[in-house]
Amino acid sequence: MCGIIGYTGSKKSVPILIEGLRTLEYRGYDSAGVTVAEGGCLSTVKSKGRLTDLEGKLKRNAELTGSCGIGHTRWATHGEPSDTNSHPHTTDNLALVHNGIIENYAEIEEMLRGAGYAFVSETDTERAAKLLDMLFVKSGDPLDAIRRATKVIRGSYAFGIIFKGYEDVIYAVRKDSPLIVAHNDEGGFIASDIPAILKHSTSYYRLDEGVIAKISKSSLEFCDLSLTPVEQKLETIDWNIEQAQKGGYPHFMIKEIHEEPEAIRKTLEPRIKDGLPHFGIDALDGDLLSSFDSIHIVACGTAMHAGLVGKAIIEKLARVPVNVEIASEFRYRDPILRKNDLVILLSQSGETADTLAALRHSKACGVYTLAIVNVIGSSVAREADSVLYTWAGPEIAVASTKAYSVQCALLYLLAIRMALANHKLDEANARHICDMMLQKIPSAVEKALTLSDKIYDVATMLVAAEHLFYIGRDIDYALSVEASLKLKEISYIHSEAYAAGELKHGTISLITDGIPVVALTTVSNVCEKTVSGIREVKSRGAYVVSVCAESLVGKYDIPCDEMLVIPDIDEILAPFPAATVMQLLAYHVSALKGLDVDKPRNLAKSVTVE
Ligand code: G6P
């Protein structure tokens, strides 16, 4: 997803812009560019490829020394990755960077062509730049031009703009795409996300929709779209630079997997009071949870897979039917939402466009919405009726790990609270599970982390595979789906997750000599059945990696080539260390293949377009 940085101050802007863009690389990009105000001119350098390509080009150009500039990393949506399509997009009068999608760009283009404008790129952004140009030429006033442009443009945007004649000022405005603003003695900044400004500021404003920011070296002003001054809330950054960097690990992903015990602790502790789940800190009345007849969990990717674990545990404990939905499907298929339904939106970033749209659709249907989100103040968090924050800290690797674990942890707490409210669980049992969650999950995950060397050895046996299967039943199937996604997204090995009992209805025809099958067994009452499934694939030549709960190892004769034993923990909590083991397996396979673990090809961390 595109990344934006802007700086205006007394230092040279290029190093600050490049450094800022580097911290946004995790968002995924295919080209980059900067515009710097230099002696009355706006000088722009853009390049397809990585930031190093842009730096090379900058070095070959005459040095850009100006102290006001904007930079961008582009993740192509309209038009292929190319120098021309990269941002900033410039006109005779301005330079503009954009994150989002302008839906009515064709209409805008037609209108602009009528006014004599021509276009060089295929991007929706260039249409926005030229629209602003036309409006600016008319009024000579940047704020007025922006205000009028927002009335014409439909779609999502975070814009950073520098106008000729106002070369020490950055203007910013946003709708549906994130943008933050910071200001201090060093000057002013805009950015798509906190890591880009962490080095410079400990506080920031998350720009509200419909607010224009005007940022210069010495001042910061906000106004609404009628150009009336408004205030924005100053927020403090409680992430330090180390947290947002790799902290000695070779990749963000492995660092973030190691942060799971702490993240789970941080997320659970404040929500367990007198031994029972309590959402006072989130201003959520637990009794409200008893008023819902059914639940829809709506999310994308890994967050949706955490929803599958949530469904298993909520249905098991609270006996409330749960429907897990892919957000991009939910929003378009006119889902049946009834008055007493609850929609839970899961999202690490809180900015995923499909999840946000599903939230808005649910609200429009008059249904209560509860968000479980990691990024504080993000769009999903702000728009939902209630929000539970997962305090996992920044997650930089594209492949989500710790965010998944904490989403599962919160869904467990919700399940217990609902089960209590529905009288499906008595207080003593609820207390017991909460106590176990606090006492045992972090330590079992810590133990799972110590298996890393053994998991590495197993990974060496899988690196050459072209296809791979994960099987399990019940909650093990839910875990398999995520394990499979984790492997395919970062190792590029084709993998599929199958409910162990379903394999024989078709997919078993793909099992031939040496095809790896990772078989999960943590659920005792279906273990025997899963073992039958394992026998079926083993007898057809599969290379079986068993991932088995310690308590089940001796009980069943599991035919396998390798075994990873999940640290001992009460069965109901086994998904936590099991998920960590699966994440480590995917990580090691990807790292062994020498792939870009943190930034897999074609993927973006935060998908803010449909
Ligand atoms: C992208 C990421 C996934 C993530 C999904 C949902 O596809 O690559 O890792 O699970 O978006 O993101 P969210 O921020 O809503 O959890």
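# A tour from cysteines to ligand

The structure holds zero disulfides, a disulfide being a pair of cysteine sulfur atoms within 2.5 Å. Select Cys-41: it is in no disulfide, and the nearest cysteine sulfur, that of Cys-68, is 14 Å away. This is a predicted model, in which local features need pLDDT of at least 70 and side-chain atom pairs count only at pLDDT 80 or more, while totals for chains, interfaces and linings use all residues. Residues are numbered from 1 along each chain as its sequence is written, and side-chain values use heavy atoms, with hydrogens and water left out.

**Stop 1: cysteines**

Stay on Cys-41. At 42% relative accessibility, Cys-41 counts as partly exposed. The scale: buried means under 20% relative accessible area, exposed over 50%, partly exposed in between (1.4 Å probe, protein chains only).

**Stop 2: the ligand**

Select the ligand and its shell. The shell has 13 residues, and Ser-347, Gln-348, Ser-349, Thr-352 and Ala-604 come nearest. Near here means that one of a residue's heavy atoms lies within 4 Å of the molecule or strand. Five shell residues are nonpolar, seven polar and one charged.

Which helix gives the most to the shell? Helix H9 (residues 301–318) does, with three residues. Helices (H or I, at least four residues) and strands (E, at least two) are DSSP runs, numbered from the N terminus.

Next, show the distances to ligand oxygen atoms. A side-chain N or O atom of Thr-352 lies 2.5 Å from one. A backbone N or O atom of Gln-348 lies 2.6 Å from an oxygen atom of the ligand. For a backbone N or O atom of Thr-302, the distance to a ligand oxygen is 3.0 Å. Taken alone, the ligand exposes 390 Å², and the protein buries 89% of that. Accessible areas come from the Shrake-Rupley method with a 1.4 Å probe; for residues, only the protein chains shown count as cover.

**Stop 3: Ser-347**

Pick Ser-347, in strand S19 (residues 341–347). Is Ser-347 buried or exposed? Buried, at 3% relative accessibility. Leaving aside neighbours within four places in sequence, its contacts (heavy atoms within 4.5 Å) include Ala-303, Thr-352, Ile-372 and Gln-407.

**Stop 4: Asp-176**

Jump to the loop between strand S8 (170–175) and strand S9 (180–184), where Asp-176 lies. Its phi is near 65°, a positive value in a residue other than glycine. Asp-176 is buried, with a relative accessible area of 15%. Beyond four places in sequence, Asp-176 touches Gly-155, Ser-156, Glu-209, Glu-351 and Arg-360. Its side chain makes a polar contact with the side chain of Arg-360 (2.8 Å). A polar contact is a pair of N or O atoms within 3.5 Å; within protein, one must be able to donate a hydrogen and the other to accept it, and residues adjacent in sequence count only if both atoms are side-chain atoms.

**Stop 5**

Find Asp-474, in the loop between strand S22 (467–472) and helix H16 (475–491). Asp-474 has a positive phi of about 55° although it is not a glycine. It is partly exposed, at 36% relative accessibility.

Finish at Pro-88, in the loop between strand S4 (68–74) and strand S5 (89–90). The peptide bond from His-87 to Pro-88 is cis, with omega near 0°.

Definitions and conventions:
Nonpolar A, V, L, I, M, F, W, Y, C, P; charged D, E, K, R; others polar.
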